[in-house]
Amino acid sequence: MNEHINYNSVIYIHGVTQSQKAMLDTIWSFRSYHEYVDWFETLTTSDQQQADLLRILVLLELSDQVENVDQAKEIINMVK
């Protein structure tokens with residue numbers, strides 16, 4: 001079953017599965033990139049590929065919502 005995700009009315013990702021939604025919720029809960037990396041390294045190869053895909057989807061959605069250069073710089077810094 002596909003779900004619609006709305007993170008604080010900022011990010012919309014359509015068509016994700018329940019397991020992808022759960023993984024996005026986990027990813028979204030991290031307070032730092034280091035927390036994400038520590039978690040990512042515990043995943044199987046298949047789950048790492050899924051996490052990479054979801055991260056790219058989030059970045060693409062964020063890039064669609066960028067209205068100016070300052071926002072773009074902020075997004076870039078968030079994923080470093």
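Figure 1. Isoleucine 56 is found in helix α3. Together with Leu53, Leu57 and Leu60, Ile56 forms a nonpolar patch on the surface, with about 340 Å² of accessible area in total. Patches are made of residues with over 30% relative accessible area and no salt bridge, with like charges joined within 9 Å and nonpolar side chains (Val, Leu, Ile, Met, Phe, Trp, Tyr) within 5 Å. Accessible areas come from the Shrake-Rupley method with a 1.4 Å probe; for residues, only the protein chains shown count as cover.

**Figure 2. The largest nonpolar core.** This core has 13 residues, and those with the most contacts inside it are Met23, Leu24, Ile27, Tyr36, Trp39, Phe40 and Ala51. Two or more residues each come from β2 (11-16), α1 (18-29), α2 (33-40) and α3 (45-65). The most come from α3, with 4 residues. A nonpolar core is a set of buried Ala, Val, Leu, Ile, Met, Phe, Trp, Tyr and Cys residues joined through side-chain atoms within 4.5 Å.

**Figure 3. Surroundings of alanine 51.** Apart from neighbours within four places in sequence, alanine 51 is in contact (heavy atoms within 4.5 Å) with Met23, Ile27, Tyr36, Trp39, Phe40 and Leu43.

Figure 4. The structure holds 1 salt bridge, defined as a side-chain nitrogen of Lys or Arg within 4 Å of a carboxyl oxygen of Asp or Glu. Lysine 21 pairs with aspartate 25 in this salt bridge, and the closest N and O atoms are 3.1 Å apart. Both residues lie in helix α1, 4 residues apart, about one turn of the helix. Lysine 21 is partly exposed, at 23% relative accessibility, and aspartate 25 is also partly exposed, at 33%.

**Figure 5. The whole chain.** The protein has 4 helices and 2 strands, in the order β-β-α-α-α-α from the N terminus. Helices (H or I, at least four residues) and strands (E, at least two) are DSSP runs, numbered from the N terminus. Of the 80 residues, 22% count as buried.

**Notes.** Residues are numbered from 1 along each chain as its sequence is written, and side-chain values use heavy atoms, leaving out hydrogens and water. In this predicted model, local features need pLDDT of at least 70 and side-chain atom pairs count only at pLDDT 80 or more, whereas totals for chains, interfaces and linings use all residues.

Key:
Buried means under 20% relative accessible area, exposed over 50%, partly exposed in between (1.4 Å probe, protein chains only).
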